[in-house]
Amino acid sequence: MTLEPKMITVDCADPRELAAWWAEVLDAKIAQDFGGEFVIVGAEPLALGFQKVPEPRAGKNRLHVDYHTEDRQAEVRRLTALGATAVGEHSVGPLTWTVLQDPEGNEFCVAG
């Protein structure tokens, strides 16, 4: 048996709105919309799913997506201009990354 990652799903209050934001961020398209309850953004190599849940995010994400770019600072500026919030910058050895939150507070990282 072999498992292949295909999609990461994010719990959120408004799947259509958050999926549209991520589609713009990733220059991707909405691949499927299941009545606004579950919306899939067709990003490669993993799709992102956005699933409606009644409760708001509480506490720190236990799982998040890390993205890489050649110019981390420029990408962080672009993302914050689109509505992301920068919440911290970290370095460990040669690795440096910025932690951001999407418009619903879900954390993700940008390294470069």
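**A tour from the sheet to the core**

Begin by selecting residues 47-52, strand β4, together with β1: these two run parallel and are joined over 6 bridges. Strands here are DSSP runs of E with at least two residues, helices are runs of H or I with at least four, and both are numbered from the N terminus; two strands count as paired if DSSP finds at least two bridges between them. The model is predicted, so local features need pLDDT of at least 70 and side-chain atom pairs pLDDT 80 or more, while totals for chains, interfaces and linings use all residues. Numbering starts from 1 along each chain as its sequence is written, and side-chain values use heavy atoms, without hydrogens and water.

Within this pair, pick I8, whose bridge partner in β4 is L48.

Next, display the whole open sheet: its 4 strands follow the order β1-β4-β3-β2, with mixed pairing.

Then select W22, V41, F50, L79, L100 and F108, the residues with the most contacts inside the largest nonpolar core, which has 20 residues. Such a core joins buried Ala, Val, Leu, Ile, Met, Phe, Trp, Tyr and Cys residues through side-chain atoms within 4.5 Å, buried being under 20% relative accessible area with a 1.4 Å probe, protein chains only. Helix α1 gives the most to this core, with 6 residues.

Finish at L100: beyond its neighbours within four places in sequence, its contacts include V76, L79, F108 and V110.

How values were computed
Buried means under 20% relative accessible area, exposed over 50%, partly exposed in between (1.4 Å probe, protein chains only). Contact means heavy atoms within 4.5 Å.
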